Amino acid sequence: MRIRIVDAFTDRPFSGNPAGVLLLDSFPDDNRLQQVALEVNHAETAFAHRLPEGGEADWALRWFTPLTEVAMCGHATLATAHVLHTTGAHEGPVRFATRSGVLIATPREDGSIAMDFPTAPLTPAEAPPGLAEALGAEPCTVLDTGPLIGDLLVELADEKTVHALRPDHKALAASSERGVIATARAENPALGYDFVSRCFFPNVGIDEDPVTGSAHTALAPFWSGRLGRPDLTGLQASPRTGRVRTELRGDRTLLSGRAVTVIEGELLA
C-alpha cells in the first residue's frame with residue numbers, strides 16, 4: 001500500500017497540519033486501520049477507497065487519530081482530495097461518503113480545494129467548572145458546537161491571549177467530548193486574517209491540533225455573525241500555523257485551502 005504524508009491548509013512544506021493518506025481497494029478491519037493510524041502518529045490518518053460508479057459518492061473515506069476513529073476531519077479530507085487530484089486517481093469534484101454524510105471537495109483555479117461541510121449548530125453553554133484554570137484564560141463566551149464536532153467554542157478577550165495559552169491538557173479533557181476551540185478577533189485584519197484560533201483535543205489523543213478544518217465549521221458561523229460577512233479567513237495560531245478560508249452558506253460551510261505532499265512511501269507491514 002502506498003502511504004503519503006500531506007501538509008494541509010498550507011502552501012509550504014513543514015507547516016499546516018500533516019495527515020497520513022492511504023488509498024485502498026477496500027477497508028480492512030477497524031483494528032488494522034487503528035494500528036496504521038497509531039504508527040503514522042499524526043493528528044489524523046485518512047483511508048479511502050473507490051466506490052462503484054452511479055452512486056451518491058465516488059470514494060468512501062474514514063479518519064483515525066492515533067487513538068480512535070472520528071466523525072469529521074477537515075484537514076485529512078483536504079489531504080485526501082489533494083492526493084486524488086495530484087496522482088490522477090480522480091479529476092474534478094470528488095464526493096466522499098463519510099460518517100458526516102457526503103462531503104464534496106472541489107479544486108479551484110487558484111490551486112486551492114474547497115470542501116462542502118455541514119455548519120456546526122452553536123448553542124450557548126455554561127463554562128464547565130475549572131475551564132478557565134485548565135485553559136489558562138477567562139472565557140468571554142462559551143458555546144456548544146453540537147454532537148458532530150463535540151467541542152466547546154470559547155471566545156477569549158483578544159488575540160494576544162489566544163497566542164499565550166499554555167493549557168493543562170489533562171484538566172482540559174473534562175470540559176467536553178472532544179476538546180476546546182479557543183478563539184479571538186484578529187487584532188490587525190490587514191495581515192490577511194479575520195480571527196485566530198487554537199484547538200486542544202486531549203480526549204482523542206491530540207493535545208494541540210495544528211490546523212483544524214472541522215473547528216472552522218463552528219468558527220465560521222460564530223465570526224460571520226460577529227463581523228457581518230459570510231466569507232472570512234481564519235489563522236490557526238499553532239506552532240506550525242495554517243489558514244482556512246471559510247464561506248458560510250446557511251447550513252453548509254465551504255472550507256478552502258491548499259496542501260503539499262511531503263513524504264511518499266510504501267507500507268510494508
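The second largest pocket is lined by Glu69, Val70, Ala71, Met72, Arg99, Pro147, Leu148, Ile149, Glu177, Arg178, Val204 and Ser214. A pocket is here an open set of points, on a 1 Å grid over the protein atoms alone, with protein on both sides within 12 Å along at least five of seven lines, and a lining residue has an atom within 4 Å of a point. The model is predicted, and local features need pLDDT of at least 70 while side-chain atom pairs count only at pLDDT 80 or more, whereas totals for chains, interfaces and linings use all residues. Residues are numbered from 1 along each chain as its sequence is written, and side-chain values use heavy atoms, with hydrogens and water left out.

The space in the second largest pocket comes to about 190 Å³, a volume being the space filled by probe spheres set on the grid points, which are joined across faces, edges and corners. Its lining divides by class into seven nonpolar, one polar and four charged residues. In this scheme Ala, Val, Leu, Ile, Met, Phe, Trp, Tyr, Cys and Pro count as nonpolar, Asp, Glu, Lys and Arg as charged, and the others, Gly among them, as polar.

The largest pocket holds about 240 Å³ of space. It is lined by 16 residues, of which Phe9, Thr10, Asp11, Gly242 and Arg243 are the closest to its centre. Strands S16 (242–249) and S17 (252–257) each supply at least two residues of this lining, and S16 gives the largest share, three residues. Helices (H or I, at least four residues) and strands (E, at least two) are DSSP runs numbered from the N terminus. By class, two nonpolar, seven polar and seven charged residues line the largest pocket.

Phe9 is placed in the loop between S1 and S2. Its phi is positive, about 65°, although the residue is not a glycine. Most residues other than glycine have a negative phi. With 3% relative accessibility, Phe9 counts as buried, the term for under 20% relative accessible area, with exposed for over 50% and partly exposed in between (1.4 Å probe, protein chains only). A positive phi, near 60°, is also found for Asn41, a residue other than glycine. Asn41 lies in the loop between helix H1 (30–40) and S3 and is exposed, with a relative accessible area of 53%.

A nonpolar core is a set of buried Ala, Val, Leu, Ile, Met, Phe, Trp, Tyr and Cys residues joined through side-chain atoms within 4.5 Å. The largest such core has 33 residues, and those with the most contacts inside it are Phe9, Trp63, Leu78, Val94, Phe96, Ala105 and Met115. Among the elements that each supply at least two residues of this core are strand S1 (2–8), strand S2 (17–24), strand S3 (44–50) and helix H2 (74–87). H2 gives the most, with six residues. A second, separate core of 19 residues includes Leu131, Ala134, Val162 and Phe200.

Rings of Phe, Tyr and Trp (its six-membered ring) were paired if their centres lie within 6.5 Å; planes under 30 degrees apart count as stacked, over 60 as edge-to-face and the rest as tilted. The rings of Phe195 and Trp223 are stacked, because their centres lie 6.1 Å apart and their planes are at 10°. Phe195 belongs to strand S13 (residues 195–201) and Trp223 to helix H6 (residues 216–227), so this pair ties together parts that are 28 residues apart in sequence. Phe195 is buried at 0% relative accessibility, and Trp223 is buried at 0% relative accessibility. Phe222 and Trp223 form an edge-to-face pair, 4.9 Å centre to centre with 85° between the planes. The buried residues of H6 include Phe222 and Trp223, together with His216, Leu219 and Ser224. H6 is followed by Gly228, with a positive phi near 75°.

A charge sits over a ring if NZ of Lys or CZ of Arg is within 6 Å of the ring centre and within 35 degrees of the ring normal. Arg178 lies over the face of Phe201, at 4.0 Å from the ring centre. The charged end of Arg62 sits over the ring of Phe27, 5.4 Å from its centre.

How values were computed
On a 1 Å grid over the protein atoms alone, a cavity is a set of points where a 1.4 Å probe fits but cannot get out, and a pocket is an open set with protein on both sides within 12 Å along at least five of seven lines; lining residues have an atom within 4 Å of a point.
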